[in-house]
Amino acid sequence: MSTPSGSGQSDENIYDFRALEARWPAVWDSMDSFAPIDDGNRERKYVLDMFPYPSGDLHMGHAEAFAMGDVAARWARQKGQDVLHPIGWDSFGLPAENAAIQRNAHPAEWTYANIDTQARSFKRYGISADWSRRIHTSDPSYYRWTQWLFLRFFDKGLAYRRDSPVNWCPKDQTVLANEQVVNGTCERCGTDVTKKSLNQWYFKITDYADRLLEDMDQLSGSWPERVLAMQRNWIGRSEGAHVTFTIEADSDLPAYDAPVFTTRPDTLYGATFFVVAADAPLALELVKPEHRAALESYREKVKSLSEIERQSTERPKTGVFTGRYALNPLSGEKIPVWAADYVLADYGTGAIMAVPAHDQRDLDFARAFDLTVRTVVDTGAEDPAMSGVATTGEGTLVNSGELSGLSKDEAIAKAIDMVAAHGTGERTVNYRLRDWLISRQRFWGTPIPIIHCTTCGEVAVPDDQLPVTLPENLRGEDLAPKGTSPLAAVAEWVNVPCPTCGAPAQRDTDTMDTFVDSSWYYLRFISPTLDSAPFDTEAVNRWLPVGQYVGGVEHAILHLLYSRFFTKVLFDLGLVNFTEPFAALLNQGQVLNGGKAMSKSLGNGVDLSEQLDRFGVDAVRLTMVFASPPEDDVDWADVSPSGAAKFLARAWRLGADVTSDPGADPDAGAGQLRSVTHRTLADVEVLMQHNKFNVVIARLMELVNATRKAIDGDVGAADPAVREAAEVVAVLLSLFAPYTAEDLWERLGHPASVATVGLPPVEQRLLVQDTVVAIVQVQGKVRDRIDVPVDISAADLEALARASGSVQRILDGRDIRQVIVRAPKLVNIVPC
RNA sequence: GCCCCAGUAGCCCAAUGGCAGAGGCAGCAGACUUAAAAUCUGUUCAGUGUCGGUUCGAGUCCGACCUGGGGUACCA
């Protein structure tokens, strides 16, 4: 080859990613280089990717997420930190069960086969994980401790059972937590969710609402703002008051004190009717006999609505009169009590005071049923009774007895004082967050370790009898959804003596939401084989909170909220000494194709293994990371894995062109290239602090280009600075392209592994330049550039700037009002 | 409706309030080649969504709006 650029003509100088991928995994395995030392000599860093669900082989989304997490882990290692970067599987869940039904098999077969496939793919993908800590949540040795933790929650009253209308997925035949209902449909399968009244297990996450909110202060700045915002909205703190209305006794029916929650106690005088949630027990309790039939048929109608229909905001208001009247605690006014479905049974108290003038929903209802509308806050807008538009803004109270004349805020305070003085109300805080419904009527999950005894009630399975394992003899149709757990049909499993009294009793047949399993796995990684406790508290306190958590934003209010809740409970139990599990969170973007998420129905899926076969692991990884900032989506149609491969080959070829020996003294090398190398190191340090992985790669490309130029130009291949630059390329490249970097490192004459050699220190003296280009502006516009010494004084710089010919021309003799000097880089002259 | 995020070159994206361009893709030209691919070299292309404000100076800060994306939604 006649080009001077070292392009590959000999076989030894042709970049062959297949050869690299065939060679290095065995070397890395034998070195065991990715397990932490944990000897306290180095700063510990826990880097964690959200563990995968074994749904099949890895896909493009995994490839992006794990590339990002691996960059963070490898960076920490190069910085000399003791890195924990484990991997495991979230291996309970419905898809395994559905697959088992289809194939007349046990869910474990499908699950563990997929885990093996994914594990092989992860190894090929070059993830720098500590494989010795591998866990699976469906292993009895894991779920034993999920059960143990459930029992600690149960002991504290944080796990309880109650009857309640719950979200029901008719397809999956199981209940769903609030967080798992997306736009009225099942998060998993998209089926319209309906309501069903069932007795179910809950975790009392509402007890922690305030702490979940307040502790976000610890996360602000290191978690994406939008995730914090989503959690804040989900928790939905709302300040207001409880105000008790008395429902008057009527013939045989007794009087009834009905509290309502309101954020607007100032509008109490405007309450012209009262509404109870139609599906709340209270509605049936207070309805007069002659209205009972109408209410019951209305309740039937409401029940038949899907969540989607119910949530539609355009739906006209419906409801029925109960025949009863409530007394306003401030005015004593008697107002009708209605039952309607626009009031929710499980928010607030399940009943409201309706103030149609100042709440649009109440106004819509009032207009539908011809009820009184009374304006009590004058906002200057048109009277809502006429306009049909409720007014919610600031204003002056009118028609409101003692409150009249006050501002909204004054009236809110005074109204609360007044009802409090009467004993009919108090200031309160209400949350949108509901308790976490954790029981599921399916098989492939952690059994709830409770035994139901007719005399002793709910009895905890004693700790020493854990785990309560799943029966192994169920296959195919045995697992089909029937609305009750398949476990209920296994008599020999269900029927056990009561641990307390010995009488015949039955096991609870529900299993736990898989989000329970994933709420504590990051703790289990610390001591994955411990069999005396879920985790080693001392070691956990050493390693946690997780220093960098990486995963998709789809878990913003599911897994992340639940895990935060778990951590706080464990803190209260004295099992951990921190209250937030994840100190920093990185949400990687999605991988799109043609502007859209990849999906079977669109037919725009890109197969990961095909990309890997074609371009190589390193090129795919580099493409993922280089395409955009980590949190932005990557559109596979917009990127170029072949371009990435080209760059990798360029970098790799440097290995053949460095002719100095390992250990050559860089001080003897060309200063200009050394400056580029050390400037790169210094900048990368700052960029990595801000997760700007894509920019780091751009800087790495520059360094490769500069090294190439030095080799082909005057500096020459034998210059020690060239070796230094190529070695820095290898170390930085190891963050993104482990195979290429490792091979380059070897070609540079070093033994494996480049992953752990560390970064050379930045030589500060190489960063300072003798002269810089100073910008001369007139009124903010650049008019000249002058070479000046870096240490020029402000006065000298100003003098040079004033003397500039082009500046003189622009100023044209005008007087100067002000001169801003930022030596040595800038002078701005402002004329009058 | 409310809340968050983002709008810079044909495309993906850089730019501590101080020269709008670091890097890549695509394009164009050249070198090498019988030719092509690969490789190498060089190079074209925007004034930063709109309007206003703060400032000596705004892509960057503030306000309003537009567009796109995401979240949430009878939550009293």
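Q: Why is serine 806 called buried?
A: In this predicted model, serine 806 has a relative accessible area of 16%. Buried means under 20% relative accessible area, exposed over 50%, and partly exposed in between, with a 1.4 Å probe applied to protein chains only. The value of 16% lies under the 20% limit, so serine 806 is buried.

Q: What conventions apply to the numbering and to the values?
A: Residues are numbered from 1 along each chain as its sequence is written, while chains are lettered from A and ligands numbered from 1 in the order in which they are written. The model is predicted, and local features need pLDDT of at least 70, side-chain atom pairs count only at pLDDT 80 or more, totals for chains, interfaces and linings use all residues, and side-chain values use heavy atoms, with hydrogens and water left out.

Q: What makes the segment that holds serine 806 a helix?
A: Serine 806 belongs to helix H27, which covers residues 805-811. Helices are DSSP runs of H or I with at least four residues, strands are runs of E with at least two, and both are numbered from the N terminus.

Q: Which residues does serine 806 touch, residues up to four places away in sequence not being counted?
A: Serine 806 touches Arg783 and Asp784; contact means heavy atoms within 4.5 Å.

Q: How do you know that the side chain of serine 806 makes a polar contact with arginine 783?
A: A polar atom of the serine 806 side chain lies 3.0 Å from the backbone oxygen of arginine 783. A polar contact is a pair of N or O atoms within 3.5 Å; within protein, one must be able to donate a hydrogen and the other to accept it, and residues adjacent in sequence count only if both atoms are side-chain atoms. The separation of 3.0 Å is within 3.5 Å, so the pair qualifies.

Q: Why does serine 734 count as buried?
A: Its relative accessibility is 1%, and therefore serine 734 counts as buried. The residue is placed in the loop between helix H24 (720-733) and helix H25 (738-747).

Q: What makes S31 and S32 a strand pair?
A: Two strands pair if DSSP finds at least two bridges between them. Strand S31 (residues 771-778) and S32 have eight bridges, in the antiparallel sense, and therefore they pair. Arginine 785 in S32 is the bridge partner of isoleucine 775.

Q: In what order do the strands of the open sheet lie?
A: The four strands follow the order S32-S31-S34-S33, with mixed pairing.

Q: Why are S32 and S33 called edge strands?
A: Strand S32 (781-789) and strand S33 (816-822) each pair on one side only.

Q: What packs on this sheet?
A: Helix H26 (residues 794-803) packs there, touching S31, S32, S33 and strand S34 (826-831).

Q: How do you know that S5 pairs with S9?
A: Strand S5 (residues 159-169) and strand S9 (residues 194-203) run antiparallel and are joined by ten bridges. Arginine 161 stands opposite tryptophan 201 in S9.

Q: What is known of the confidence in chain A?
A: Chain A averages a pLDDT of 90, and 98% of the residues score at least 70; pLDDT is the predictor's confidence in each residue, from 0 to 100. Over residues 1-9 the pLDDT is below 50. Where pLDDT is low, the predicted coordinates should not be read in detail. The model scores ipTM 0.94 and pTM 0.92.

Methods: Axes are lines fitted to C-alpha atoms, for helices over the stretch in contact, and angles run from 0 to 180 degrees between N-to-C directions.
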